[in-house]
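I opened the model today to look up ring pairs, a sheet and the nonpolar cores. My notes follow.

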Amino acid sequence: KYAEPNRGYFVKAGVNLMDWFAHPPYQAKKPTMFTELFTGGLGGPDAYAPMMGNLAYTPLGPFEGYERFFNWRMRAYREQDVACFEPFEPFAYFRNFRPTELFLKDYSRNVFSGESMQIKAVLLHGGFEDREFQLVWHLEGADVRTRTVRLEPGHHVVEIPLSMPAVAKRTELAFSMWLLADGKPVARWGRFDTTFKVFPRMKLNRRVACWNVSEKAKAMLKAAGLEPVPVSDAAALGAFQLLFAQAPLFGTPAGATVAQWVAGGGHAVILASEDEAGKLPGGLKLSKFSNTQAHIAAPNHPVLKGLGSTDFFHWAGGDHYVSHQAFLKPSGGAPKVLVENGTTAGLPLASLVEIQSGRGAYLVSSLLLSAKADREPVVGKLLDNIVAWADGPKTPPGEAGLLVTDALQDYLFSENLIADDLASVNVNPDDLSRYPLLVVDARVANADVGVLRQ
């Protein structure tokens, strides 16, 4: 299968570059490499690493170091039977970098409690002849398992069984697999270590309001034990503390009703991952950028309680995507970024944002919650946290009353002014006396100026 290179570059024609994600600068199409073109030194994502020290920004987000990205890139090539890599790479072998290697094909490490599965392991044999190996694997708390495999030169995919234990809370379990040749460990890259995060399946037993959400979103809620109750008016909303709604909603009469309910102490989750149009709270704008990694920006926030720093990496489903259409990160004001996303320019995007409004708050998400709820256990944990967030203490009643335009109201809220929005209700002068401060635009108030002055 291999041709011996003459101390130069050699690769099979048509090898896909960066096979583990769709590179956004190429409109999500994978460019093809025909001769000795390698990403290193040619402006590919890993070209950033040497210039940026130990923090390399790529379309996936920031990495803790160059080594991780280097390994991912090499594995993508290995699965395409690339015969040789750049001679200037660390530890380069004159014929074949890493002559023997193994790793898990799927990068997702979040799994459900009690789940039994067949995981795919990629085994690479870089020798010239067929050879027999013993594949050994071990999940923390389980027995060591062994299988004999006979490998031709090249890469091979082997399925191995794994059964996750039943857990009551998020639990990390170490997993290792290694190759033995003639009963002895294969030198250097014959071992692979990782950590699985095991999550319990959520059964929350709670009724939540739903305003114009998709069937996928309803299925997501039901899978976590939540009962979605359709609502379409302010009177129905009054019986709930938590609402799930889908953009586009704001800028409509329905949006004004929801905004009034939130300002009075309600909590609304806006699922913005499936719609490009429509106004969003806090002036958020959707991009067309997709991410296979996202990063926790507010680890102490109740919505992210019990979640680890890598739980938003490589969600299940084969494509590894965590978010499509991430928001352009707000520069300040009321929106608080909870989960942020990276591009080649750093971390300018966000996929989960909280926006305080009056006594309540919005949680605006572009995460693939509905699309991946049946396979990604982090979704259930997020829903559990969201219910607790909605049940948490309310913001104290406002010390100011606002009868102003939406633009001025958004600005005042962005400056963390605690105030009640009175513009969407009928103004009773007797009710205004309890406010030590009123900010009034008489055109919005639609009231007699003399009465307001009095």
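**Aromatic pairs.** I looked for aromatic pairs and found two in the structure. For a pair, ring centres of Phe, Tyr or Trp (its six-membered ring) must lie within 6.5 Å; planes under 30 degrees apart are stacked, over 60 edge-to-face, the rest tilted. Phenylalanine 175 belongs to strand S11 (residues 171-181) and phenylalanine 196 to strand S13 (residues 191-199), so the pair ties together parts 21 residues apart in sequence. Helices (H or I, at least four residues) and strands (E, at least two) are DSSP runs, numbered from the N terminus.

I noted the source too: this is a predicted model, where local features need pLDDT of at least 70, side-chain atom pairs count only at pLDDT 80 or more, and totals for chains, interfaces and linings use all residues. Residues are numbered from 1 along each chain as its sequence is written, and side-chain values use heavy atoms, without hydrogens and water.

**Burial.** Buried means under 20% relative accessible area, exposed over 50%, partly exposed in between (1.4 Å probe, protein chains only).

**Charge over ring.** I checked phenylalanine 196 again: the charged end of arginine 109 sits over its ring, 6.0 Å from the centre. Arginine 201 has its charged end over the ring of phenylalanine 112, 3.8 Å from the centre. The test asks for NZ of Lys or CZ of Arg within 6 Å of the ring centre and within 35 degrees of the ring normal.

**A sheet.** I then traced an open sheet of three strands, order S24-S23-S25, with parallel pairing. Its edge strands are S24 (419-421) and S25 (437-440), each pairing on one side only. Strands pair if DSSP finds at least two bridges between them. Three bridges join S23 (residues 400-403) to S24. Glycine 401 stands opposite aspartate 420 in S24.

**Cores.** Which residues touch the most other members of the largest nonpolar core? Among its 40 residues they are Leu242, Phe244, Leu304, Phe312, Leu382, Leu383 and Ile386. Such a core is a set of buried Ala, Val, Leu, Ile, Met, Phe, Trp, Tyr and Cys residues joined through side-chain atoms within 4.5 Å. H7 gives the largest share, eight residues. Apart from this core lies another, of 29 residues, including Val122 and Met177.
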